[in-house]
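Here is a short briefing on one protein model. Look at the sequence and the structure first, then read the points below.

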Amino acid sequence: MANEKILVVDDEHAINKLICSYLQKEAFEPIAAYSGMEAMQCIESEKPDLIILDIMLPDIEGTVLSLDIRRISNAPIIFLSAKTKEIDKIVALSAGGDDYITKPFMPGELIARIKAHIRRQKTLAASYEKITPNVVEFDKVKIDFDTHECYLDGKEVKLTSKEFEILKLFIDNPRKVFPAEQIYETVWKTNCLDNDARTVMVYISTLRKKLESSTASANYIISVRGVGYKFNQSLLDE
């Protein structure tokens, strides 16, 4: 794990510079951006492997910017914010974020989380090749696990890395019902705490909104009351 490009989007120059210095010490290649517009330009030109994103930017709200980023990039997004309320975290994650760290933060924790997300990205890419067929099609959806691309009615739908992992978990186990806690522990690879099941609910809701168009013949992800969620196996059997 070295030389991965990390985009740091924070208009506070001192914090941005500090994060970049820690990244350099860990053999990452930091890229600094101080506004939403600058961040989008860097993403298009540099194609970073991971993005650290402040919520309060001078030209755009970080959560809004995250939605724009998801149209062109599937790189993990770690939000960095002084906002500590649970609703702020939920909004950030539902806007395409993969993680949320509050300020002030411990540099060691930030670096550890960056490494964990990059490691999971690589593991996920390898697992797609070993387990999941290259291309899966059902109803009006086509998913290419090699290229990390998803299409609905022929139009590309941007999914976050966690959304891909959740969808892959369902498709690999189409007959199994997964409690929200198990989904969290499998995808996030950590113990599920009190409010983490809610995070899964947000991701499931977002996946449904992205994939289940008004013309869908059936629900793709089925809720099993009092138990959890499963994939609609009948779609894969068609």
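**A buried alanine**

Ala-116 has a relative accessibility of 12%, so this residue counts as buried. Buried means under 20% relative accessible area, exposed means over 50%, and partly exposed lies in between (1.4 Å probe, protein chains only). Ala-116 sits in helix H5, residues 107-130. Helices (H or I, at least four residues) and strands (E, at least two) are DSSP runs, numbered from the N terminus. Between Ala-116 and Ile-55 there are 61 residues in sequence and 22 Å in space, C-alpha to C-alpha.

The model is predicted: local features need pLDDT of at least 70, side-chain atom pairs count only at pLDDT 80 or more, and totals for chains, interfaces and linings use all residues. Residues are numbered from 1 along each chain as its sequence is written, and side-chain values use heavy atoms, with hydrogens and water left out.

**Helix H7 and its neighbours**

- Helix H7 spans residues 180-187, and its buried residues are Ala-180, Ile-183, Tyr-184 and Val-187.
- Seen down the axis of H7, these buried residues fall within an arc of 100°, so they line one face of the helix. The arc is taken from the directions from the helix axis to the C-beta atoms.
- The buried residues of H7 pack against helix H6 (161-172), helix H8 (196-211) and strand S11 (228-231). Contact means heavy atoms within 4.5 Å.
- The axes of H7 and H8 come within 8 Å and cross at roughly 85°. Axes are lines fitted to C-alpha atoms, for helices over the stretch in contact, and angles run from 0 to 180 degrees between N-to-C directions.
- H7 and H8 are therefore roughly perpendicular to each other. Angles of 65 to 115 degrees count as roughly perpendicular, under 35 as roughly parallel, over 145 as roughly antiparallel, and the rest as oblique.
- On the H7 side, the contact is made by Ala-180, Glu-181, Ile-183 and Tyr-184. On the H8 side, Asp-196, Ala-197, Thr-199 and Val-200 take part.
- By class, the contact of H7 with H8 has five nonpolar, one polar and two charged residues. Ala, Val, Leu, Ile, Met, Phe, Trp, Tyr, Cys and Pro count as nonpolar, Asp, Glu, Lys and Arg as charged, and the others, Gly among them, as polar.
- Lys-189 follows H7 and has a positive phi, near 55°.

**Helix H4**

- Asp-88, Ala-92 and Leu-93 are buried in helix H4, residues 86-94.
- They cover an arc of only 130° around the axis, which puts them on the same side of H4.
- The buried residues of H4 pack against helix H3 (62-69), strand S4 (77-81), strand S5 (99-102) and H8.

**Helices H2 and H3**

- The axes of helix H2 (residues 36-46) and H3 come within 11 Å and cross at roughly 25°.
- H2 and H3 are therefore roughly parallel to each other.
- Gly-36, Ala-39, Met-40 and Ile-43 of H2 make the contact with Leu-65, Asp-68 and Ile-69 of H3.
- The residues of this contact divide into five nonpolar, one polar and one charged.

**Loops and backbone**

- The peptide bond from Lys-103 to Pro-104 is cis, with omega near -5°. Pro-104 is in the loop between S5 and H5.
- His-148 has a positive phi, near 60°, in a residue other than glycine. His-148 lies in the loop between strand S7 (141-144) and strand S8 (149-152). At 16% relative accessibility, His-148 counts as buried.
- Asp-153 has a positive phi, near 55°. Asp-153 lies in the loop between S8 and strand S9 (155-157). With a relative accessible area of 43%, Asp-153 is partly exposed.
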